[in-house]
Amino acid sequence: MAVPPSAPQPRASFHLRRHTPCPQCSWGMEEKAAASAGGREPPGPQRAAAVAYFGISVDPDDILPGALRLIQELRPHWKPEQVRTKRFTDGITNKLVACYMEEDMQDCVLVRVYGERTELLVDRENEVRNFQLLRAHGCAPKLYCTFQNGLCYEYMQGVALGPEHIREPRLFRLIALEMAKIHTIHANGSLPKPTLWYKMHNYFTLVKNEINPSLSADVPKVEVLEQELAWLKEHLSQLESPVVFCHNDLLCKNIIYDSTKGHVRFIDYEYAGYNYQAFDIGNHFNEFAGVNEVDYCLYPARETQLQWLHYYLQAQRGMAVTPREVERLYVQVNKFALALPAQMSLLSLLNSECPLSKAPGHARAPLVCAQGLLTSLIHVSCALVRS
């Protein structure tokens with residue numbers, strides 16, 4: 001995910017305006033309680049049905065033999081010597097290979113092997129539940145099976161989009177409609193709490209426990225970072241953005257456009273779960289700035305955002321919406337969009353000291369230092385003051 005370029009480094013005394021946590025702020029309390037209760041993220045949807053499981057481990061450095069063993073289980077009528085394969089290389093460390101017989105790939109099985117240590121960041125049980133839930137609502141391909149270090153699922157026809165595509169009104173309308181559809185999914189009788197703060201607390205705990213002694217001198221102390229995260233949670237939580245079922249990692253390459261059917265579908269549900277509506281949208285808006293060469297002059301202008309958000313709200317509610325409703329969401333989205341640099345700063349600290357394979361937006365974002373977290377919070381402060 002694109003991350004704003006770093007601003008000039010502030011002086012140490014400017015790291016935090018308030019040096020004591022706000023007494024009303026609950027940063028870390030609920031998250032620590034969840035960790036002590038088992039260390040898993042807030043509960044997501046229930047599994048719809050049992051998914052086939054095979055006790056096969058696929059070597060990530062030699063994926064084809066293991067992939068073909070799985071194909072023998074899933075497609076026993078396919079002759080192994082006739083199976084075609086195609087490697088996908090967009091991911092950082094998750095390995096993905098397509099197995100098929102016919103050139104049109106109408107019946108194609110994708111075998112995905114998890115990256116090493118991704119269990120530190122991803123709840124794989126939740127991923128399977130999210131996959132099933134989205135499939136039940138027509139938003140995901142078929143999930144064929146899981147295995148020891150991965151899963152197999154249906155290939156989705158279409159092309160992965162790039163930044164230049166998601167800026168096109170014809171396509172961003174389709175993206176807004178699909179996000180609205182996913183955001184209306186309800187898996188349980190009551191909505192769980194947003195995962196944003198749980199995940200940030202998880203990343204912060206890894207920074208604190210795993211690499212704190214080796215942090216360089218120009219990185220603020222973990223106590224300072226913790227107070228800033230508390231400040232961030234306090235202010236963004238006051239915006240009252242609805243908690244909905246979110247994708248949480250809507251990179252351009254996670255959007256597949258099928259021109260024959262005239263729709264888009266989202267893929268890669270590792271980080272899906274209940275979260276703030278405005279965070280999911282703002283997270284996606286960061287993609288407008290580009291991938292390899294980030295240019296925040298390309299971040300969607302106000303008029304573009306209002307048009308996108310109008311499509312979204314009208315689809316989500318199924319009725320006409322007022323300019324005031326669109327404007328309210330616009331304000332929420334642009335403030336929550338600034339939570340991404342905070343998340344990426346923590347992940348970058350982790351990756352710089354002990355690589356963790358794949359994190360949300362990791363494949364596209366340049367690494368940012370902890371100073372990016374400080375800068376993002378300063379921008380949030382300014383936005384809140386002006387509002």
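Let's start with the largest nonpolar core. It has 86 residues, and Ile175, Ile281, Trp308, Leu309 and Tyr312 touch the most other members. A nonpolar core here is a set of buried Ala, Val, Leu, Ile, Met, Phe, Trp, Tyr and Cys residues joined through side-chain atoms within 4.5 Å. Buried means under 20% relative accessible area, exposed means over 50%, and partly exposed is in between, with a 1.4 Å probe and protein chains only. Where does this core lie? Domain 1 (52-155) and domain 2 (158-386) both give residues to it, so the core lies between them. Those domain bounds come from an automatic or database domain assignment.

A word on the source. This is a predicted model: local features need pLDDT of at least 70, side-chain atom pairs count only at pLDDT 80 or more, and totals for chains, interfaces and linings use all residues. Residues are numbered from 1 along each chain as its sequence is written, and side-chain values use heavy atoms, with hydrogens and water left out.

Take Leu309. Setting aside residues up to four places away in sequence, Leu309 touches Ile281, Phe285, Val326, Leu329, Tyr330 and Val333. Contact means heavy atoms within 4.5 Å. Another core, of 20 residues, lies apart from the largest one; Ala67, Val83, Met101 and Val109 are among its members. In soluble globular proteins, nonpolar side chains tend to be buried together.

Now a glycine. Gly282 sits in helix 8 (residues 277-285). Helices (H or I, at least four residues) and strands (E, at least two) are DSSP runs, numbered from the N terminus. Gly282 is buried, at a relative accessible area of 0%. Beyond its neighbours within four places in sequence, Gly282 contacts Val333 and Ala337.

Three strands form an open, antiparallel sheet in the order 7-9-10. Strand 7 (159-160) and strand 10 (263-266) are the edges, each with a single partner strand, so one side of each has no neighbour in the sheet. Two strands pair if DSSP finds at least two bridges between them. Strand 9 (residues 255-258) and strand 10 pair over four bridges. Strand 7 and strand 9 are joined by two.

Which residues face each other? Tyr257 stands opposite Val264 in strand 10. Asp258 stands opposite His263 in strand 10. On the other side, Val159 stands opposite Tyr257 in strand 9.

Look along strand 9. Ile255 and Tyr257 point one way, Ile256 and Asp258 point the other way, and all are buried. In a regular strand the side chains alternate between the two faces of the sheet. The hairpin of strand 9 and strand 10 has four residues between the strands, and there Gly262 takes a positive phi near 70°.

Now the cysteines. How many disulfides are there? The count comes to zero. A disulfide is a pair of cysteine sulfur atoms within 2.5 Å. The sulfur of Cys152 has its closest cysteine sulfur in Cys145, 3.7 Å away, which is too far for a bond. Cys152 is buried, at 0% relative accessibility. Cys252 is buried too, at 2%.

Last, the whole protein. There are 12 helices and 11 strands. Of the 387 residues, 55% are buried. Among contacts between residues at least 6 apart in sequence, 74% join residues at least 24 apart.
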